[in-house]
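I opened this entry to look up pockets and charged pairs. My notes follow the order in which I checked them.

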Amino acid sequence: MSAQHYTGSCHCGTVKFEVRTALTPATRCNCSLCRRRGALMSPAFHTSDLRIVEGETALSLYQFNSRVARHFFCKVCGVYPFHQTRKDKDAWRVNLGCLDGVDSYALEHTLADGASLSVVEDA
């Protein structure tokens, strides 16, 4: 599937964004964070394809393990809308459940072995 333009937001609507991404191949990850948040993520896209429209100051940054990947959450509702990947600082992924008009439960997906990238056991 080719990249298209989407709008999206966190649950409460404080963080709003626009993104150009494909929906597939969608991915789940088995790292310790992703196992707990359960989000279905888009394929990676370039930094320039993400624009925060509203609520940038309401984003909270979370980093763990190697502290390379940058995971963002809304400070108000706690939803994870997107993250910068560990493998490439110019690559991002969006939580497909945050995109307007997209049924993330209808998308086939693969599993990324993020757990094998951990440098700290069970991190």
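**Pocket, then salt bridges**

I looked up the second largest pocket and noted a volume of about 150 Å³. A pocket here is an open set of points on a 1 Å grid over the protein atoms alone, where a 1.4 Å probe fits, with protein on both sides within 12 Å along at least five of seven lines; lining residues have an atom within 4 Å of a point. The volume is the space filled by probe spheres set on the points, which are joined across faces, edges and corners.

The model is predicted: local features need pLDDT of at least 70, side-chain atom pairs count only at pLDDT 80 or more, and totals for chains, interfaces and linings use all residues. Residues are numbered from 1 along each chain as its sequence is written, and side-chain values use heavy atoms, with hydrogens and water left out.

I listed the lining of this pocket as T47, L50, I52, E56, L59, R70, F72, F82 and W92. Strands β5 and β7 (70-74) each supply at least two of the lining residues (strands are DSSP runs of E, at least two residues, numbered from the N terminus).

Next I checked salt bridges (a Lys or Arg side-chain nitrogen within 4 Å of an Asp or Glu carboxyl oxygen) and found two. In one, R51 pairs with E18, with the closest N and O atoms 3.3 Å apart. R51 lies in β5 (residues 50-54) and E18 in β2 (residues 16-21), so the pair ties together parts 33 residues apart in sequence.

I also noted the salt bridge between D90 and K89, at 3.7 Å from N to O.

Methods: Helix = DSSP H or I, 4+ residues; strand = E, 2+ residues; numbered from the N terminus.
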